Structure formats: structure tokens, C-alpha cells
Amino acid sequence: MKILEIERKSRVLTKADFGCLSGAYTINVTRGCEFKCAYCYARGYPGTPSDEIHLYVNLPRKLAQELESPRRRAPIDRVMFNTASDSFQTHPDILDVTYEAMAALLERRVGFSFLTKGWIPERFMKLFSRYPHLIIARIGLVSLSERYRNLFEPGTAPPVKRLENIDRLLALGVHVEVRIDPVIPFYTDDHASIRQLLGALADRNIRTVSISYLHLRPAILEQLRRELPPTEFNVLRSCFHNQPWTTVGACTQSKLIPLPLRARGYARFKQHSKAFGITLLVCACKNPDMPAHKCSTAFEGKRNMKSNEAKQLSLFSC
Ligand code: SF4
């Protein structure tokens, strides 16, 4: 995909004002994302380019200036990457900017979290090894099935590489969380798929995961129509048949999977997670019609965590 280098004119450190990220400083090094997940809501944001990636080449420099600005009243101790992109896209220029931005933060003892479905290159691991206590790594992993990846997340790292990311990060002492989001009904929520995924996470001593089913927005519906084979699209669309457009999180035009279907799916996940000793947190922002886990920002949670017990997960990033 074509990369267009652009200058970031506005401030880098801005606070999110939606969902569980409200008040958190967020950073995206690109506008657009080469992974092109078929369900990605960020692709439908106004201003997101469809056929190229905009890379903020001056972001690390601006970030350093803002962190050191004498006009800053309160110090920033943490930021969140990836509310609308992935830090570990494969293009070397994107990785360079990501690396410089993360290094600028860590060298100033500013912690961060990131969420990725990509492969984390070794030079980042070397950087993280010097500041493991400042980092929360969140790995997006919905299924170990290559068929699922090819259909829904064609540009992302293979599931086995994401499991490797977990192993490598844990070996450094980095806190790792896993997000199973979005669960796709009839593709990733059968007993065998759930057992396989949770078993692989339990083998790595992951003890808490967050989860949410796919929800539709008008732009996502069109992406799915364009990018899935007709049979798969029709199966998925039928799940939302007769569901009203409603408010989910910050979006006023969303469709949820019908409650009985979602509840049965979460019950299957809970059944298997219990057997593996994993705590399952259902995202309240994306499941406003059922009892679920209300989260705050990941770093607030980390203060109350023991070892690898992720009790708070930020669920509105990409
Ligand atoms: S869901 Fe995340 S990784 Fe996938 S295309 Fe969107 S921003 Fe990129």
C-alpha cells in the first residue's frame, strides 16, 4: 500500500473523549492502517484514506517537544497507542516512526499501552526490555484459524506469530493482555475454536481476557459486503437482520448481535475460560444491554493488578 508522508500540524498529545478512553492521551502514528481488517470501524472515520496510509513523519519530534514544553502544567505519565491504527504495521517507515515515538516516551519515563495484531520486531523488544514496567502490551487475537484471518484480517500477523509476541513480551517482564474482539458469530465462537484459542492463552499463563462480539456500523456493513465472499457476507448480515440501529459506545448508528445469540456465545466462552482458569471480561461499552465489565483506562487498572492479572482493559482502541 502507498505510504504518504505528512506533517502533523495539530498537537500529538490529545485526550480522547469517548467511551472508556475518555481523558486518556492517545497516539496514532498513521491515519489509515495497512492491515485492512474487514470489520475495522476506524476505516470509516471521516478523513481516513482508503487507498493509502498517511504517516506522520514529524510525530516523534513533536511528541518530544510537547513532553518537554515548559507550558505543560501537569506531567504526562502515560499514553495509549492505537485508537485507530496499528503501531506494528509492516512498512519500515511506519515502524521507524513508531520506534522513535515509543523511545521518546520511554526515555522520558512516560509509560504507554499499545494494541496490535501485527508482529513486533526485535529492535522493539530490545527497547522494551529496558523499560518493561512502563509498558502494557495488548494483543488482539480472536481465533487461531488461518481461514478466519484470511477472510477478516488479511494483513495482520498470523495467529502463531501473535502468540509468539505474547511469549517474547512476557519473557521481558512486560504486562500482556489479550483482546478477543470482535468475535464473529458462526466463525470464531464454536466450542472447538474457543477451546483452541483459550487453551493456547492458558498455556502462556494469560489469566484474564477481554471480549466483545462484532457490532455493525453502516461503514462496516459496506466493507464486509465488499470484502467478504457473498456466502460469508450473507451469513453475517443475517445475524443482524431486524436489529435496530442504536447507540453503542460513542457511535449512534450501530447494530448489535441479538442479545440471545450473544449471551449464548459469551456463555460458551465463559464455560471454557473457567476450565482454563481464565477470567473473561465482557466489554460493557460494546454490550450496553447486558451485565458486563465497565472498564477504565488500562493504566488505572495496572495500579491495582498483581502480576499478570489484568483487571482493567481499555476496549475502545482499534
Ligand atoms: S482493526 Fe486495527 S489492525 Fe485492523 S485495520 Fe483497523 S486499525 Fe488496523
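The chain's secondary structure comprises 10 helices and 14 strands. The model is a predicted one. Two of its helices, α1 and α2, come within 8 Å of each other, axis to axis.

**Overall form**
- The chain has 318 residues and a radius of gyration of 19 Å.
- A compact globule with 318 residues would have a radius near 20 Å, so the chain agrees with that expectation.
- Along its principal axes, the C-alpha trace spans about 55 × 40 × 35 Å.

**Burial and contacts**
- Of the 318 residues in the chain, 59% are buried.
- Take the contacts in the chain with a separation of 6 or more: 76% of them join residues 24 or more positions apart.

**How α1 and α2 are placed**
- Helix α1 covers residues 59-68, and helix α2 covers residues 92-107.
- Their axes cross at roughly 15 degrees.
- That angle is under 35 degrees, and α1 and α2 are therefore roughly parallel to each other.
- The crossing of α1 past α2 is right-handed.

**Where α1 and α2 touch**
- Which residues of α1 meet α2? They are Leu59, Pro60, Leu63 and Leu67.
- On the α2 side, the contact is made by Val97, Glu100, Ala101, Ala104 and Leu105.
- The residues of this contact divide into eight nonpolar, no polar and one charged.

Notes. Residues numbered from 1 in each chain as written. Predicted model: local features only at pLDDT ≥ 70, side-chain atom pairs only at ≥ 80, totals over all residues. Heavy atoms only, no water. Axes fitted to C-alpha atoms, helices over the stretch in contact; angles between N-to-C directions. Helix = DSSP H or I, 4+ residues; strand = E, 2+ residues; numbered from the N terminus. Parallel < 35°, antiparallel > 145°, perpendicular 65-115°, else oblique. Left-handed = near helix turned anticlockwise from the far one by under 90°. Contact = heavy atoms within 4.5 Å. Nonpolar A, V, L, I, M, F, W, Y, C, P; charged D, E, K, R; others polar. Rg over C-alpha atoms; globule rule 2.2 N^0.38 Å. Buried < 20%, exposed > 50% of the residue type's maximum accessible area, 1.4 Å probe, protein only.
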